[in-house]
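Open the model in your viewer and keep the selection tool at hand. The tour goes from a surface patch to helices and then to charged pairs.

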Amino acid sequence: MKKDKIMHTTRADTSERRFEIQCKLEAEIASLEALKEAEERSRKLTSNVVGILSSLEQRLATLRRTILPVYNETGNLQAQQQNIEMTLNALDHAIGYYGVCQEVEATVRAGPGGSGGLDNFLEAMNRLYNAQRYFQKNNPSSVELENVTSLFVVGLDALYAEFHDILTRQSKPILPIVLLDLIGSDEDTSGEDAPQSLCQLPESILGDLLKIAAWLEERGHRKHVKIYASVRSAIVLRSLQLLKEHQRSASGGSTHAGSPLPKTKFGNRHSLGIQENSGKRASKRLQHALEKKASRMLLKASQTTGLGLSLTASRKPPPQLSGHSVEDTAPDEQEMENYLLLTVGLHKLMQAERSLVAKILPISLQAQVLEATVREAMDLVAHDGESIATRAKRCIVRRDFSAVLVIFPILKHLGELKPDLERTVEGCDYALRSKFTSVLNTLNITGAKALEDFAESVRNESSSILPKDGTVAESTSNVLVFLEQLAEYADTAGAVLRRSADMEGATSIKQTENMYRIVLGTYIKKVLAQLNLVLVSKSDTSYSDIALRALFRLNNHNHVINALRRSSLMELLLLAEPSAEQTYHDLLLRDKANYVSTTFAKARAYLEQPFDEPEPAAKALKEKFLGFTRELEEVAKCQRSYSVPDARLREELRKELQQAIVPLYMNFHNKYRGISFSKNPAKYIKYTPEQISILIDTFFDTTA
């Protein structure tokens, strides 16, 4: 029973599962049918689309076969049309060239100054230029080319003439008063910007010149470059010549007919007012500016005129000797001022020309044109500098060394100007750039030669006569004046000496901050040593009186050390010889001791020599007093004729002489005046100690 129940349950489960499977099978069959229907619809749609596309493709192919020949034909027609238009334009252009001469002839022959103006003229010239190029390329043997070329040459000449006329008309020499005002007011000469006051061409004129120059340069014609250089060169040269003429007229004419420069406008260094012949007075600004400029340039060296036999102490200019030509006259400070002003003036003009040419000509031509513009003016300045050097060399031959000192301020200021001037002519030909250096080299060599010969002349000075009164020798005074004035340009003179030593391979001084001053200090030491040797040697042979010999050396050594101390010479000398001041101090003490000891040597002998007997006899006392008095009066007579120009030294010597003799005489006088050795003691005892002091106070006084 239980088994049947289980079997019944199993059959029921199987039936249920079969039913479920049957249901799922039916559902899947239904889905499959739906999918087949969808596939069929897609197939039909695909077939329809393929049919449509195939139909469209056929239609497009048919359209292409129909349109392509039309398109090609249209393109050919358009190309033909363009070719026809281009041909017509070319024909029109070529035909225009054949008639250009007739169309522009009137304008070209009228020139740039015609009614049409410069722009219209340049347009006409452009048409001629284009026609000329066309015929040269396409029909070089045609008559039209000859006609166009002939008319173009006429226009080109007119353009050159217009360029020349504009430059000539508008370019005026710079008035000296303007140039001097600019030189004086512009303390900084290093600026590369040209002074606006010298760029006197109006902007409209500059515009026309620029148009002409640019047109010519663009077409390869450069004759205008030579025209520009020629016109402006004459202007620069004339400006410098006017400056020289102004200086000559302002000074009342040149005092040196052979001078390369006239006398300067400065009557003296404190009177700098500029007067024109017409009576016009310069502005206060100009006068003040020139005072500043001149104060930097003036050379005190011309206050002395030489050394030794050929030297005089007079400040007056030396007269023209019949044995010397006017070309042998010495350069003076006025010529120096003139030359420096001329050089600075040239630099200003060169700056102005550099600025002007930059506004008119292309940069590739500017250096070349500037060189041609300033060459003659540079030659003038270089010639004047070489002329000064040449005449300075003649002065050296005549041993007129003070005249050569004018070279050193020129060297100093030209050396300062050299970097600025070289920047101004940068890019120009070496021959032009080297002219300024050549002048400096010539002046350097001349200065070195002067210093060398001056030192040699001091060493060989033997013909001059020493003063009879033992005062300072003229050669000593002249040497120190020369050195004092040389010291004012210590760096310049030192550089000249160093350069000369370098050329001779004798340089031993290291590169230092004070190198040039040390070089000059060494030179001063050498000159003073030679001077001292000469004075000592000549005093030994010229003075038989030992006291006078010592006084002469004392006067000269004292003068030397005073001159060294009151100027920069001592500072320079100490750089080269630190013990120099002490050396001179020792010399003074030695000379002073020698003088004092020898002056009363004979007189002191009467006072110091002991008596042979304890109680001196009357005769011996008489001889002592008479001999002392005789020697004292002889010494006083001589000493009154001697000279000690230094008041301080004069008083010191009197006091030391009094100290050397008065105490000794006082002891002798007090000791023996009470002894009765004569009925008339006043005959033998003529002086009291106080009177001897008073007598010594009359020493070195010719009026006593």
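Which residues form a nonpolar patch on the surface, and what accessible area do they have together? Select Val-49, Leu-53, Leu-56, Leu-60, Leu-63, Ile-67, Leu-68 and Tyr-71: these form the patch, with about 780 Å² together. A patch is made of residues with over 30% relative accessible area and no salt bridge, where like charges are joined within 9 Å and nonpolar side chains (Val, Leu, Ile, Met, Phe, Trp, Tyr) within 5 Å. Accessible areas come from the Shrake-Rupley method with a 1.4 Å probe, and for residues only the protein chains shown count as cover.

The model is predicted: local features need pLDDT of at least 70 and side-chain atom pairs count only at pLDDT 80 or more, while totals for chains, interfaces and linings use all residues. Residues are numbered from 1 along each chain as its sequence is written, and side-chain values use heavy atoms, with hydrogens and water left out.

Stay on Leu-56, which is in helix H1 (residues 2-98). Helices (H or I, at least four residues) and strands (E, at least two) are DSSP runs, numbered from the N terminus. Leu-56 has a relative accessible area of 45% and is partly exposed; buried means under 20%, exposed over 50%, and partly exposed in between (1.4 Å probe, protein chains only).

Next, select helix H2, residues 100-110. Its buried residues are Val-100, Cys-101, Val-104 and Val-108. Look down the axis of H2: these residues fall within an arc of 95 degrees, so they line one face of the helix. The arc is that of the directions from the helix axis to the C-beta atoms. On the face turned away from the buried side of H2, find the exposed residues Gln-102, Ala-106 and Arg-109. Gly-111 follows H2 and has a positive phi, near 85 degrees.

Now move to the salt bridges, of which the structure holds 29. Each is a side-chain nitrogen of Lys or Arg within 4 Å of a carboxyl oxygen of Asp or Glu.

- Select Arg-375 and Glu-371, whose side chains meet at 3.1 Å, N to O. Both lie in helix H10 (residues 363-397), four residues apart, about one turn of the helix. Glu-371 is buried at 14% relative accessible area, whereas Arg-375 is partly exposed at 35%.
- Select Arg-648 and Asp-646, which form a salt bridge at 3.6 Å, N to O. Salt bridges that share partners join Lys-592, Asp-646, Arg-648, Glu-652 and Glu-656 into one network.
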